[in-house]
Amino acid sequence: MTSIALIMAMDEEASPIVKALSLEPKGYLCPPLPMCLYQGEWHGKQISLVVSGKCKRYGVDHIGPQGATVSALKTIEVLSPSIIINAGTAGGFVKAGAAIGDVYLSFPYVCFHDRRVALPGFDRYGVGEYTCMDTRELASKLNLKLGVITTGSSLDITDSDISIMNSYNGIVKEMEAAAIAWVAEMYQVPFMAIKSITDLVDTETPTEEEFLKNLSLASEKLSKEVIKLLGEV
Ligand code: ADE
């Protein structure tokens with residue numbers, strides 16, 4: 001049976017998918033790590049959803065590349081999925097035609113935008129450029145947008161982030177995809193990301209306000225599109 005792993009950062013992003021697919025909570029993926037596993041069978045496919053879990057110290061979800069890296073590593077070690085899909089929310093850009101609730105598939109790669117290392121070779125290593133599955137047909141079939149997804153450790157954006165993103169036409173800004181793609185590439189597990197837009201980065205509205213206002217709407221939209229996507233992979 002095809003085994004698909006959905007890797008997600010926040011409980012609030014994941015809960016509409018858990019509900020829609022009636023996934024069963026299985027507890028911690030790999031104690032004492034905080035990642036939580038939900039599983040179920042759906043249309044003949046084994047679906048495992050791994051969320052990063054809560055930080056014991058600060059009581060919030062383990063968002064960002066560190067949690068995502070550990071999550072990807074343990075997901076592959078414990079579950080040996082045939083495909084990894086990183087699903088979540090992201091910031092979009094008006095200049096690229098994005099609107100709140102739009103859903104993007106990664107293509108052709110995902111990159112980092114805040115790892116600046118001005119040393120020969122390490123400069124390109126910092127950016128990454130991890131290849132994703134070819135999602136062009138899926139995007140046109142499901143009527144989803146396509147673009148380079150770009151990963152960093154911060155919700156806000158700096159001028160340096162913008163110039164790095166512009167260097168590879170990054171148009172979907174988030175905090176996990178490239179970290180997961182890096183691990184998936186080492187294990188040769190096919191990878192793609194699907195991201196729903198909560199906020200528009202190149203507007204005057206503070207990102208954190210827009211993110212909180214639209215998180216629930218974008219997560220519901222994400223769930224609908226993830227379910228359609230699972231029918232196609
Ligand atoms: N997740 C949702 N919106 C984001 C943004 N603007 N930057 C990083 N991660 C996000």
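In this predicted model, the residues that form the shell around the ligand divide into five nonpolar, five polar and three charged. Of these 13 residues, the ones that come nearest to the ligand are Ala-90, Gly-91, Lys-173, Thr-198 and Asp-199. Strand S5 gives the most to the shell, with three residues.

A polar side-chain atom of Asp-199 is placed 2.6 Å from a nitrogen atom of the ligand, and an N or O atom in the side chain of Thr-198 is found 3.3 Å from a ligand nitrogen. The backbone also takes part, in that a polar backbone atom of Leu-155 lies 3.4 Å from a nitrogen atom of the ligand. Of the 260 Å² of accessible area that the ligand has on its own, the protein covers 96%. The ligand is located in the largest pocket, and the elements that contribute two or more residues to the shell around it are strand S5 (83-92), strand S9 (170-174), strand S10 (191-200) and helix H7 (207-230).

Because Phe-112 belongs to strand S6 (residues 103-112) and Tyr-130 to strand S7 (residues 130-131), the pair ties together parts that are 18 residues apart in sequence.

Pro-31 and Pro-32 are joined by a cis peptide bond, for which omega is about 10°, and Pro-32 is situated in the loop between strand S2 (24-28) and strand S3 (36-42). A cis peptide bond likewise leads from Phe-107 to Pro-108, where omega is near -5°; here the proline, Pro-108, is part of strand S6, the strand in which Phe-112 of the aromatic pair also lies. A positive phi in a residue other than glycine is found at Ser-80, with a value near 40°, and Ser-80 is placed in the loop between helix H2 (65-79) and S5.

Notes. Residues numbered from 1 in each chain as written. Predicted model: local features only at pLDDT ≥ 70, side-chain atom pairs only at ≥ 80, totals over all residues. Heavy atoms only, no water. Near = heavy atom within 4 Å. Polar contact = N/O pair within 3.5 Å; in protein donor to acceptor, adjacent residues only side chain to side chain. Areas by Shrake-Rupley, 256 points an atom, 1.4 Å probe, with all protein chains shown as cover. 1 Å grid on protein atoms, 1.4 Å probe; cavity = no way out; pocket = protein on both sides within 12 Å on 5 of 7 lines; lining within 4 Å. Sits in = over half its atoms within 2 Å of the grid points. Helix = DSSP H or I, 4+ residues; strand = E, 2+ residues; numbered from the N terminus. Nonpolar A, V, L, I, M, F, W, Y, C, P; charged D, E, K, R; others polar.
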